[in-house]
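Please read this briefing with the model open beside you, and look up each part as it is mentioned.

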Amino acid sequence: MENLKIRNTIVFYLNGQRIEVTGADTLKPFAHYLRYFLDKPGTKIVCSEGDCGACTIMVANFRSGSLQKFQAINSCIAPVFSLDLSHVVTVEGLADEQGLSVVQKAFVANNGAQCGYCTPGFVCAMTALAEDCVIENKPITAKKARNYLTGNLCRCTGYEPILKAATSIDLKEVKSLTRYVSKESLADFVSLSNSVEISGSNFKINMPTTLAEAAEIKSADTRIIAGATDLGVLINKDKFSLVKVLNLVHISELQKVQFVDGKCKVGARVTLTQLEESLKMHSPEFAEILKIFASPQIKNNATLVGNVVNASPIADTIPALMILNTVIVTLSKMGSRRIAITDFYKGYKQLDLLPEEIVTHVEFQIPRADQIFKLFKASPRKDLDISVVTFAGLFSLDQKMITDTRIAFGGVGPVVIRMHELEKKFIGRQFTQELFTTLSHFVEKEISPLSDLRGSREYRLKLGENLVKKCYTEISTEYGL
Ligand SMILES: Cc1cc2nc3c(=O)[nH]c(=O)nc-3n(C[C@H](O)[C@H](O)[C@H](O)COP(=O)(O)OP(=O)(O)OC[C@H]3O[C@@H](n4cnc5c(N)ncnc54)[C@H](O)[C@@H]3O)c2cc1C
Ligand code: FES
Ligand code: FES
């Protein structure tokens, strides 16, 4: 089965039709390629940065030898090459000879559109929702629809008719998107499961199938692109251009979440949606913070490793990882390294990561049943918003005595901070409101927030203090302490 010949084209199926792309066009944002090269203008481009959902399409990727389920993604920030070996369905693919799809009909019946510019994106996101509910055999509730549609903005209809459309969908009428997936297309993907190299006078894209190949390819001037939810925005804003690109999506061993000996090992190509699903059983608190991370469209592409390496001080996953004894595993031609996350961040966006190194995995401890784990994200809006301050806390108690504590804050300095001094003050003390109130005033001694568009220094200091108090309130309520 293995075909060692290197491929120099990107192949995907669009509404059932086979498309091959080669050369520099493979670097274009997918939405742009759809509209201007494939004559499919139904997919709209508004913000070009993953925020509005107008460009939503549905994608089923062929990964590790099988086709995954259809998921909604933002096509404005996804480069064409990232859709290699995928089935793509756009708004043009929803209706059939019998007329509009059940989701489109629900929009019409409930007056879900006015100017209509956001509508293709909403309809595609809602189709992915309906597809999911059919697979899970669960109804579309208003709550579920709200969560699913957090990545879609409408500025003129108002959300009530859109939610009514969602909840009115008769799931028995849904015609699955898998109607586009033929046996021949899957056999085609199998026959194409080899490494990709596409180059031109000023660019080169590599998509290897093994880690050994990837380590050989990764040079100091080669940039890894994962879900492109950070890099795709920078590219669209002309702040970064793709020259030498390494994409690890065809390496099967990087697609797994593994739970071994109380630890979770996450491969570099595991998406946040996949991680959220896997953590529901093992760490509901971590899964909950992922629930309010960005939007479904972003999480269906974004990776945990991308969040860690992007190294934003307000990255939502880093505070949790900071207190869960996380190790960053790297690989390069020189070999492998294991770096404690507490040593990984050297300054604002400065990492203990050599330019030739690939992060292959992130390993973290799953909080034990006798540990109390708390994660908070403070942002102006609950959904699809960037954090102002983030908090992670892990407490071990013997009766009411605090025997161990780990605390981290984000958004209060150039990197996410472990609060070593504050932690020491908790240990050996009784778990009381008075203790948390007193110690909340020590937060400002260890953090150095700046004022920016999202919040002033004073606001962040106050938030830091209040999150420690909130920690007490939540724990005492949940655990009856
Ligand atoms: C609309 C929108 C909303 C967002 N909301 C949130 C949010 O709520 N919370 C939050 O924390 N972030 C948010 N983000 C930021 C972003 O989604 C995350 O940081 C995401 O996890 C990045 O992952 P990615 O796979 O897309 O990374 P990419 O954009 O592909 O890459 C990010 C960085 O990681 C490097 N990289 C990726 N993989 C590797 C590897 N294996 N080895 C070495 N380097 C690697 C890349 O070279 C790049 O420097 C949002 C972004 C958008 C566009
Ligand atoms: S155009 Fe706004 S999310 Fe893509
Ligand atoms: S219908 Fe006009 S933006 Fe939604």
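Directly after helix 2, the residue Asn-111 adopts a positive phi of about 55°, a value that belongs to a predicted model.

**Helix 2 and its cover**

- As background, an α-helix has 3.6 residues a turn, so residues three or four places apart point the same way.

- Phe-426 is found in helix 15, which is made of residues 420-426.
- Is Phe-426 buried or exposed? Its relative accessibility is 0%, and because buried means under 20%, Phe-426 counts as buried.
- Leaving aside residues up to four places away in sequence, Phe-426 touches Phe-395, Ile-402, Thr-405, Ile-407, Leu-435, Phe-436, Leu-439 and Val-468.
- Arg-406 is 20 residues from Phe-426 in sequence, and the C-alpha atoms of Phe-426 and Arg-406 are 9.5 Å apart in space.

**Domains**

- The domain assignment divides the protein chain into domain 1 (10-92 + 179-246), domain 2 (102-174) and domain 3 (256-479).
- Where domain 2 and domain 3 are in contact, 7 residues of domain 2 and 8 residues of domain 3 take part.
- The C-alpha centres of domain 2 and domain 3 are separated by 33 Å.

**The chain as a whole**

- The protein chain contains 18 helices and 21 strands.
- Its radius of gyration is 23 Å, which is close to the 23 Å given by the globule rule for 481 residues, so the chain is as compact as a globular protein of that length.
- Taken along the principal axes, the box filled by the C-alpha atoms is roughly 70 × 60 × 40 Å.
- Of the 481 residues in the protein chain, 56% count as buried.
- Among contacts in the protein chain with a separation of 6 or more, 65% are between residues 24 or more positions apart.

**Surface and charge**

- The accessible surface of the protein chain is about 21000 Å², and carbon and sulfur atoms account for 52% of that surface.
- The protein chain carries 56 positive and 51 negative charges, whose mean positions are 2 Å apart.

Key:
Residues are numbered from 1 along each chain as its sequence is written. Chains are lettered from A and ligands numbered from 1 in the order in which they are written. This is a predicted model: local features need pLDDT of at least 70, side-chain atom pairs count only at pLDDT 80 or more; totals for chains, interfaces and linings use all residues. Side-chain values use heavy atoms; hydrogens and water are left out. Helices (H or I, at least four residues) and strands (E, at least two) are DSSP runs, numbered from the N terminus. The radius of gyration is taken over C-alpha atoms; the globule rule is 2.2 Å times the number of residues to the power 0.38. Buried means under 20% relative accessible area, exposed over 50%, partly exposed in between (1.4 Å probe, protein chains only). Contact means heavy atoms within 4.5 Å. Accessible areas come from the Shrake-Rupley method with a 1.4 Å probe; for residues, only the protein chains shown count as cover. Lys and Arg count as positive and Asp and Glu as negative; His and the chain ends are not counted. The place of a charge is taken as NZ of Lys, CZ of Arg, CG of Asp or CD of Glu. Domain bounds come from an automatic or database domain assignment.
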